[in-house]
Amino acid sequence: MKRNHLTPIYLSLAVAFGVLLGVVVSRSNDASTFMNRGGDMNLVDKVFYLIDNEYVDTVDIKKLNVDAVISVIDKMDPHSEYFEPEVLEEVNEDLQGSFEGIGVTFRIEKDTITIISTIKGGPSEKTGIRAGDRIVYVGDSLVAGVGINNNKVMKLLKGPRGTKVNVKISRRGVSDMLDFTITRDVIPTYSVDVAYMLDETTGYIKLEKFIATTHKEFVKAVKKLQAQGMQKLIFDLRDNGGGYLSEAVDIADEFLPKGSLIVYTQGVHRDRQYIFARRRGMLEDTPVTILIDEGSASASEIVAGALQDNDRGTIVGRRSFGKGLVQEQFDLGDGAGLRLTVARYYTPTGRCIQKPYDGDREKYILEAYDRYNSGEMFSADSIHFADSLKYITPGGKVVYGGGGIMPDVYVPLKQDSTEYFFNKIVNASIVFQYAFDYSDAHREELMKYGDERSFDKKFKFTDKMWDEILMEAKKKKITGTDEQIAVAKNMTAQLFKAYVARNIFGDEAFYPLYESLDEMLKECLKN
């Protein structure tokens, strides 16, 4: 038989491959023997042991662990989350009611850190920093014109109480830069945006979030308004993304009689826990209207759901976000943490208002766009609830679960074509930017008005100002009909004044001047 001249090559390769295979099998058997001796090792431990000890290249096993955890958590539910140490510190700080820093609010304006306001009694105000100042240097580091972002600014300005930071400031009207040394301190943060009287008998409180000090702040605000003659309250929870469950419970307790069910929670590893009103509330006899919208979530929905299911007050606005999951935070060591969903919460009638989740986190978070496209934002008739989600309150009112709190009075977005031009220039930030620039250039004279009420009455929005805004709109190729432009002028005048008032007199000055443009608030005042 004729021999194939390639046979020796095949034989050589076979021998070589056999030697290689023997080595691999031999090493694998060693690893397997090791893992088999450790019978309590789970699959993940085994895989990471092999990667760490057998993989062809060096890997950062710690980072690989973190990546794996994040990947697993992402596939579970949209609210469980792993936090690395530096991020966890920030998110915890946001809920604690205070942080350590220099006590300013700022924004990056034309690539420069611009001070919007100083916190009253805070270290920056004591040092002489003013609203409108520009920070050019922090220590020896140039921070103007170098593309700095908010995160970098926070890292530079925040720090332990008692430490010092040197800054160089550019101030309008002063030729040379000013040097300041600021001693960092504990800076309180607040969750009550504003609390004031809308008229002689109606109080208004807007709550931004539920942090560790929220109930205490709320009680203080209520007492202030009661002293001013409040007989009914509008409680604004729009765009309030939630926070601590305990603070939401304490606030709901102020409206409900002792013994009323506020909420209950339950999970596979958590027994059902009922939470009831425990005391005589400050507002049990005060008529209340609660404002909600698609940005109201979690703790906001607990408060709204508790009052709605107890036939207490009126819920006005649009359907809330739909977050009915409870997270608990666990310390993982080295400063890292895990916020894990451990239970669902249920309103007093038994509603779980968690909206559906199909694994697409971005779609879940941005579900408001689906509501907009489906027509829900413009008409309550576009919302359809299954009969299986129907519940009845003790007073006989029909309420629904399965995706947020549906208000008792629905206030849709306006579909007024005459407001098209106004909406376009607002969405393009033209009015906001013009108000900021005007405030910055005329700060001293604007402060002479004393407060937002006096400013609103005496300040005139001129034709020249409107023409300058129209020029900016033209640059951005925003156009409108004569009717649309005429309507926009009056609306812009009031919004401009609200923005300026906030820049000059503080955040709380914005809302009293914005009232006339707030459709939901106007609906509340009708009742």
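This is a predicted model: local features need pLDDT of at least 70, side-chain atom pairs count only at pLDDT 80 or more; totals for chains, interfaces and linings use all residues.

User: Let us begin with a helix. Which residues of helix H12 are buried?

Analyst: A residue is called buried when its relative accessible area is under 20%. In H12, which spans residues 420-427, this applies to Phe421, Phe422 and Ile425. These residues lie on the same side of H12, because they cover an arc of only 100 degrees around the axis.

User: What covers the buried residues of H12?

Analyst: The cover includes three helices: H13 (430-441), H16 (463-475) and H17 (482-505).

User: How should I read the largest nonpolar core, and which of its residues touch the most other members?

Analyst: A nonpolar core is a set of buried nonpolar residues joined through side-chain atoms within 4.5 Å. The largest one here has 44 residues, and Tyr204, Ile425, Phe455 and Phe496 touch the most other members. At least two residues each come from strand S10 (192-197), H12, H13, H16, H17, helix H18 (510-514) and helix H19 (519-526). H17 gives the largest share, 11 residues. Apart from this core lies another, of 41 residues, including Val192, Ile290, Ile315 and Ala343.

User: What does tyrosine 204 touch?

Analyst: Leaving aside residues up to four places away in sequence, its contacts include Val194, Tyr196, Leu225, Ile234, Tyr511 and Leu521. Asp236 and Arg238 are also among the residues that tyrosine 204 touches.

User: Turning to the backbone, where does lysine 110, with its positive phi, lie?

Analyst: To read such a case, take the phi value together with the place in the chain and the exposure. Lysine 110 is not a glycine, yet its phi is positive, about 55 degrees. It is located in the loop between strand S3 (104-109) and strand S4 (112-118). Lysine 110 counts as exposed because its relative accessibility is 69%.

Aspartate 334 can be read in this way too: its phi is positive, near 60 degrees. The loop that holds aspartate 334 runs between strand S17 (325-333) and strand S18 (336-346). With a relative accessible area of 70%, aspartate 334 is exposed.

User: Which residues form a nonpolar patch on the surface?

Analyst: Ile365, Leu366 and Tyr369 do so, with about 310 Å² of accessible area together. Leucine 366 sits in the loop between helix H10 (361-365) and helix H11 (367-374). Leucine 366 counts as partly exposed because its relative accessibility is 37%.

User: Is the pair of aspartate 285 and arginine 280 buried or exposed?

Analyst: Both residues are exposed, and their side chains meet in a salt bridge of 2.5 Å, N to O.

Methods: Residues are numbered from 1 along each chain as its sequence is written. Side-chain values use heavy atoms; hydrogens and water are left out. Buried means under 20% relative accessible area, exposed over 50%, partly exposed in between (1.4 Å probe, protein chains only). Helices (H or I, at least four residues) and strands (E, at least two) are DSSP runs, numbered from the N terminus. The arc is that of the directions from the helix axis to the C-beta atoms. Contact means heavy atoms within 4.5 Å. Patches are made of residues with over 30% relative accessible area and no salt bridge: like charges are joined within 9 Å, nonpolar side chains (Val, Leu, Ile, Met, Phe, Trp, Tyr) within 5 Å. Accessible areas come from the Shrake-Rupley method with a 1.4 Å probe; for residues, only the protein chains shown count as cover. A salt bridge is a side-chain nitrogen of Lys or Arg within 4 Å of a carboxyl oxygen of Asp or Glu.
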